[in-house]
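Hi,

Here's the structure I promised to hand over.

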Amino acid sequence: MPTTTPAGGDPGVTALTADEREVLYALGCGLGDAEIAGALALPEHVVAERLGRVLGKLGLRDRAAAIVHAFDCGLVVPGQGPRGQVPAPGTTAGRRTGAVPGPWLRVSVLGPLLTSLAGRPVDVGPVRQQAVLAALALSPGRSVSRRRLLEDVWGREMPDGNVVPVYVYRLRRRLRLGERPESVIRRDRYGYGLVPGVAEVDVPRMEDLAARSAQAERAGDLSEAVRLCGRALELFRGEPLAGLPGPFAEAERLRLTRRRVALAQRKADWQLRLGRHAEAIAGLSALAQEEPLNEPVAALLMHALWRGGRRAEALAVFDRAGRRLADDLGVAPGDVLVRARRAVLRGDDAGTGHARARAA
């Protein structure tokens with residue numbers, strides 16, 4: 001039997017964050033990394049990282065020890081956490097196991113739409129039906145009228161008939177917990193909305209982590225700011241709302257992509273201020289490949305390379321960005337890139353885009 005008690009005594013699950021407890025709970029229910037990733041709407045590498053933190057915090061040797069620990073501390077009770085199914089948080093089974101209370105429904109839009117109900121992935125239907133759910137998920141605390149949903153999801157291609165009520169009816173059927181009569185979608189005199197408290201959407205989670213990272217910076221804890229900002233960025237699984245049609249999805253896709261870029265710049269700026277040049281360069285290099293026409297990103301990368309003693313590479317970034325701007329847009333580099341090049345040539349911080357990233 002693997003030893004589950006660390007040398008300093010068993011701290012139980014109280015040493016873990018809520019995200020880490022979720023992973024330990026799912027692991028105790030017999031799920032593998034891929035199944036946990038699907039249930040929690042996370043990339044597999046993030047699940048692996050959280051599991052690594054669980055093992056480290058609890059002083060456990062391996063996955064087997066973590067599973068035993070989940071049972072020993074009462075997080076999972078034998079027979080009440082079947083493989084492939086994480087019991088609905090807040091249900092009787094969830095209360096008996098002592099699982100952390102949570103939502104029935106999880107909706108992840110920071111990538112292709114992913115939906116899970118009581119820990120199990122759910123197919124919510126065709127893309128326009130997915131777009132209706134996304135519009136409701138991204139309108140927390142308020143009702144969305146039938147007319148607004150038509151405009152948001154169909155735009156100028158509005159169909160005849162009562163297509164919105166039909167799609168909402170289908171979503172209600174797909175998002176019902178077993179035989180439970182409750183639906184996660186409510187209707188009132190103003191329109192439709194998700195029932196408060198039963199759904200968790202990844203965008204508010206991301207924004208909460210981003211706000212906490214900014215608070216950590218103001219408190220002078222840049223290492224914690226980097227960690228929290230990194231967790232916010234981990235929630236992005238690709239292009240937000242990928243493949244979903246309609247003006248609303250298109251606008252949110254653009255807004256959330258810009259948000260991700262701003263967070264990545266902010267994280268890199270904090271890493272540079274901590275002297276973690278290699279980490280900043282790695283992140284900014286990947287971001288510059290994704291955003292080849294983003295001049296502030298290129299300028300910040302130039303600054304990071306110069307700070308890391310790689311002056312020639314910094315100047316090469318300017319040349320590469322200049323060619324891409326000329327080829328794709330027919331324009332010359334703007335002031336931010338010109339100032340960054342001048343600063344690298346002079347060997348100072350002024351004009352490298354550092355201050356701009358700090359305000360992102």
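Let me start with arginine 106, which is buried, its relative accessible area being 10% (buried is under 20%, exposed over 50%, partly exposed in between, with a 1.4 Å probe and protein chains only). Before I go on: this is a predicted model, where local features need pLDDT of at least 70 and side-chain atom pairs count only at pLDDT 80 or more, while totals for chains, interfaces and linings use all residues. Residues are numbered from 1 along each chain as its sequence is written, and side-chain values use heavy atoms, with hydrogens and water left out.

Back to arginine 106: it forms a salt bridge with glutamate 22, with the closest N and O atoms 2.1 Å apart (a salt bridge being a side-chain nitrogen of Lys or Arg within 4 Å of a carboxyl oxygen of Asp or Glu). Glutamate 22 sits in helix α1 (residues 18-28) and arginine 106 in strand β1 (residues 105-108), so the pair ties together parts 84 residues apart in sequence. Helices (H or I, at least four residues) and strands (E, at least two) are DSSP runs numbered from the N terminus; the protein chain has 16 helices and six strands.

The structure holds 20 salt bridges.

- Arginine 227 pairs with glutamate 224 at 2.8 Å between the closest N and O atoms. Both lie in helix α10 (residues 222-234), three residues apart, about one turn. Arginine 227 is partly exposed at 36%, and so is glutamate 224 at 25%.
- Arginine 273 pairs with aspartate 269 at 3.4 Å between the closest N and O atoms. Both lie in helix α11 (residues 247-273), four residues apart, again about one turn. Arginine 273 is partly exposed at 34%, whereas aspartate 269 is buried at 0%.

Shared partners also link Glu22, Arg106, Glu200 and Arg205 into one salt-bridge network.

On helix packing, the axes of α7 (residues 146-154) and α8 (residues 163-174) come within 9 Å and cross at roughly 85 degrees. Axes here are lines fitted to C-alpha atoms, for helices over the stretch in contact, with angles from 0 to 180 degrees between N-to-C directions. The two helices are therefore roughly perpendicular (65 to 115 degrees; under 35 is roughly parallel, over 145 roughly antiparallel, the rest oblique). Arg146, Leu149, Leu150 and Trp154 in α7 meet Val163, Val164, Pro165 and Tyr167 in α8 (contact means heavy atoms within 4.5 Å).

Overall, 48% of the 360 residues in the protein chain count as buried.

Cheers
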